[in-house]
Amino acid sequence: MNPTKTVIASALALTFTTAALAEASTTLRVAHVWPGGSLIDRELFQAWAESVEAVSEGRLEVEVYPSQTLAKSDKAYQSTVSGIADIGASAQGYTAGRFPLTQVVELPGVSASGRQGACILQSLYDQGHLDEEYADTRPLFLFTTGPGYLHTKERLIESPEDLAGLRLRRPTPVVGDMFERLDAQAVGMPAPDVFTAMQRGVVDGLSFNWEGMKTFRLNELAGYHTEVPLYDLSLFATMSQRSYDGLPEDLQRVIDDHSGLEWSLRAAAVYDELIRQGRQDAEAAGHDFLVIEDALTHPDWGPVLQETIDRYLAENGDEAGEIYEAALQLQERCEA
């Protein structure tokens, strides 16, 4: 064969092969709420992206959009339904009323750590208790933040009565209702907006987990911390069903292998490390702390927390009560 023709044929073959590979690759866009460069961004979402790309041998490319740059926190779930993002990650509570059964795990006393909460929530989903709430997407993994406490700028909260008159950022409608019952003003806003709101005096404090205090730099503003577990925020990473269905079977298996309890617990490990760091930062800064032990049986806080549980379950029917009991039964298996 003519050497020139051989070279041309080889070049054409390389061109066609490169074009075929390019055509075969698929880009997945991940929209999440956490700050770019934060530990959650790096150790969870960027790590997930890198692992997916490696296992798929480059046939899946993952672009991560942190800091609400592709979808706002309260639109992250819907963005996967509509196809704006292939994968969305945020808090269920940002879409008020959309996930009432999932948010049973947010009730006081259900979990004591990010690991326990993530295990309980993912297990509830895996057991089929929450299928209806995610019927329009394909959940990758569900996890939680760990317990959320009270953090204030001016003074330590020692009893529920001390909340009267304060403007407090509420993490969920359930906690907001609790604040309102205690004569505080509950202010709703996404976590990334809280620093500016507190800095400008829009709020006097907030209920948040220690991870959030670190990730969103709130230890710089709030120097008083009452560790009474008011809630445990549920979180999701879910995929557009259309995007998943559009993948060939072998790439669907890559996604399946990057879903479920393993990744739920990996998310929890990042959260629990940030929880440790967040509290450590506040200690190093010389902040004031009040730790409420056995909060559900505490003479002051116990009745408030129990009323919160009872009201939520009453409002959401028998199914919520059944899921609450299932969550409590998972506590022993899901160690804190």
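Is Arg 138 buried, partly exposed or exposed? I looked it up: at 27% relative accessibility, Arg 138 counts as partly exposed (buried means under 20% relative accessible area, exposed over 50%, partly exposed in between, with a 1.4 Å probe and protein chains only).

A note on the source: this is a predicted model, where local features need pLDDT of at least 70, side-chain atom pairs count only at pLDDT 80 or more, and totals for chains, interfaces and linings use all residues. Residues are numbered from 1 along each chain as its sequence is written, and side-chain values use heavy atoms, leaving out hydrogens and water.

Next I searched the whole structure for salt bridges (a side-chain nitrogen of Lys or Arg within 4 Å of a carboxyl oxygen of Asp or Glu) and found 14.

I started with Asp 256 and Arg 138, whose closest N and O atoms are 3.5 Å apart. Asp 256 lies in helix α9 and Arg 138 in strand β4, so this pair ties together parts 118 residues apart in sequence. (Helices, H or I with at least four residues, and strands, E with at least two, are DSSP runs numbered from the N terminus.) Asp 256 is partly exposed, at 34%.

Then I turned to Glu 307, which forms a salt bridge with Arg 181 at 3.4 Å between the closest N and O atoms. Glu 307 sits in helix α11 and Arg 181 in helix α5, 126 residues apart.

Glu 307 also pairs with Arg 311, at 3.9 Å. These two are four residues apart in helix α11, so about one helical turn separates them.
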